[in-house]
Amino acid sequence: MQLLASAILATEAAASEGSDGVKLLLPAGEELIAGIIAFAIIFLVAWKFALPTLKETLEARQAAIKSELEAAEKSKIEASSLLEDYQAQVAGAKAEAAKIIADAREAGEAVKADIIARAEGEAEAIKERAHEEVASERARVADDLRRQVADLSINVAEKVVASSIDAETQRQLVDRYIEELGGVH
Amino acid sequence: MGLILASATCDPSTEIICAPENVRELFEFRTPIFYLGPLPVTRTVFLILLAAVIVSLVLYFGLRKKSVVPGKFQVIVEAIITFVKDGIAVDIIGEHGARFAPWLLSIFLFVLMGNLYEVTPFVNFPITSRIAIPAFLALLTYVVFVVAGAKRQGIRYIVDIAWPKSVPVALRPLVGLIELVSTFALRPITLAVRLFANLVAGHLMLTLLLASGWIFMSHVGEIGARAAIGIPWFALGLGIYVFEIVVIMLQAYIFTLLSAVYVQTSLYPDH
Amino acid sequence: MEEIKGAVALIGYGLAAIGPGIGIGIVAGSAIEAMARQPEAAGLARTTMFLGIAFTEALALIGFVLYFLA
């Protein structure tokens, strides 16, 4: 405090000796003291707070940017691997679909062939049965006809020849006739 | 205010510009407003202490949040600090520059704030136009660069300056003398006076032009005469106001830059 | 005599400002030339220009102070 007061007094004394303009070139004591105090405050704040804090902030920012870049890189790699997976899956699905279609087509062909074969078989069977039926009918009809013709001929012959021929000769004649008739067909 | 009242009596027919009797009236505010202990707090002292408070608050609120994504204010504060730390301290001084960063940063901020008072409305008085501030800062720079040089080079620091090996032997005494004077006498004086003189000149121009213009426009003579003299003065004053905004930033930069250069030449004299 | 004394000091300052004025002009001109020739070194040229101006300006400033002393 003594020092401060004497410093102020000293500059006052020096100032009062010089001319008017010189006074501007001599520091005023209280302003010098205030300047020292103010500079000390600013220096302390800059030294102990501002620069360390800024360093911290910049380091944090650098770390954040770095980690963000790394995360982005990582997710990019992940995304590309995912894409590959999907592409592989899609290709597999396509192949499977193609195989299913081919299988279905094959099965369809088989079924078709089977159905056609069976239908042909059936048609053949129907035709055969029809033939058989026709043949048996014809045989029966022929039998019937032969019997009726025989009876008819006997009746007719009996009536025509009456007693001119004995019964034995008559039968022989008729049988021969029937045989000739049978040989016709 | 005292100036305006005093100048209200000036007569435009005899004086083209309203100057006070003594320019010291524009710079000396020695009436204490109150006392802080033994320290008389005058207007200037108040502004000096206020500068410290403002700078501290700006630094505190600018850096407090430590946001990874900074806001506008934080970006500005960070840019200023980075500018002084990297653009001046490390760029000029070199590898040891970061150690001088707190000192250079506080010089830059203090001078910048002191200069900014010149163009701050309602303050309009740069504390750096009082020789006490530049002289103290220049003295501090002087101490820093002499101590830095002596610490790094020892006695060779003085010897190399007084007996420079890079010039012919015949010229060494002369060049050595010039170098001694320029390094140890002229450097601190010019450093202080450069800032002081720039701010004194700026403050004088602004005050005389703006105050004269205002007084002529509002107080003196007929309305025609008022406009004829007052408006050009005031317009010129506004032009110089803009110019001074550039000057005060440049002066704060140059003061810091020169402080750094002086330290650099003490540390590495060969460069 | 008081009137003349003031005027002499002003003339002294005016004379002191001539040399540095020319010097600063040369410094700034050379710096612009350097920047135009090598734009990539503009930062260095600018810093050096400010330094050169600051050193040259010192002479004018001493004249300015002498005005107050006279």
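User: Why is B:S266 called buried?
Analyst: B:S266 has 0% relative accessibility. Buried means under 20% relative accessible area, exposed over 50%, and partly exposed in between (1.4 Å probe, protein chains only). The value 0% is under 20%, so B:S266 counts as buried. This is a predicted model: local features need pLDDT of at least 70, side-chain atom pairs count only at pLDDT 80 or more, and totals for chains, interfaces and linings use all residues. Residues are numbered from 1 along each chain as its sequence is written, chains are lettered from A and ligands numbered from 1 in the order in which they are written, and side-chain values use heavy atoms, without hydrogens and water.

User: Where does B:S266 lie?
Analyst: B:S266 belongs to helix α8 of chain B, residues 223-267. Helices (H or I, at least four residues) and strands (E, at least two) are DSSP runs, numbered from the N terminus.

User: What makes B:S266 and B:Y157 a polar contact?
Analyst: Their side chains are joined at 3.1 Å. A polar contact is a pair of N or O atoms within 3.5 Å; within protein, one must be able to donate a hydrogen and the other to accept it, and residues adjacent in sequence count only if both atoms are side-chain atoms.

User: Which residues touch B:S266, leaving aside its neighbours within four places in sequence?
Analyst: B:F145, B:G149, B:Q153 and B:Y157 do. Contact means heavy atoms within 4.5 Å.

User: Why does C:A60 count as buried?
Analyst: C:A60 has 11% relative accessibility, so it is buried. It sits in helix α2 of chain C, residues 42-69. Beyond its neighbours within four places in sequence, C:A60 is in contact with C:Y13, C:A16, C:A17 and C:P20. C:G19 is 41 residues away along the chain, yet the C-alpha atoms of C:A60 and C:G19 are separated by 7.9 Å.

User: What makes C:E57 and B:R194 a salt bridge?
Analyst: A salt bridge is a side-chain nitrogen of Lys or Arg within 4 Å of a carboxyl oxygen of Asp or Glu. Here the N to O distance is 3.3 Å. That is within 4 Å, so the pair qualifies. Chain C and chain B have one salt bridge between them. By class, the side of chain C that touches chain B holds nine nonpolar, one polar and one charged residues. Ala, Val, Leu, Ile, Met, Phe, Trp, Tyr, Cys and Pro count as nonpolar, Asp, Glu, Lys and Arg as charged, and the others, Gly among them, as polar.

User: How much do chain C and chain B bury between them?
Analyst: About 1200 Å², with 85% of it on carbon and sulfur atoms. In chain C, the residues that lose the most area to chain B are C:F50, C:L61 and C:F64, together 35% of what that side buries. Buried area is the accessible area (1.4 Å probe) that two parts lose on being put together, summed over both. The contact joins 11 residues of chain C to 16 residues of chain B.

User: How much do chain B and chain A bury between them?
Analyst: About 3600 Å², 77% of it on carbon and sulfur atoms. B:R24, B:R30 and B:F136 supply 15% of the area that chain B buries against chain A, more than any other three residues. Chain B brings 45 residues to the contact and chain A brings 36.

User: How do you know that A:E31 and B:R130 form a salt bridge?
Analyst: Their closest N and O atoms are 2.8 Å apart. The limit is 4 Å, so the pair passes. The rule finds two salt bridges across this interface of chain B and chain A. It also gives two residue pairs in polar contact there, both at pLDDT 80 or more. On the side of chain B that touches chain A, β2 (39-41), α2 (43-63), α3 (72-93), α4 (101-116) and α5 (132-153) each supply at least two residues. α2(B) gives the most, 11 residues. That side divides into 29 nonpolar, eight polar and eight charged residues.

User: What are the elements of chain A and chain B?
Analyst: Chain A runs α-α-α-α from the N terminus. Chain B runs α-β-β-α-α-α-α-α-α-α.
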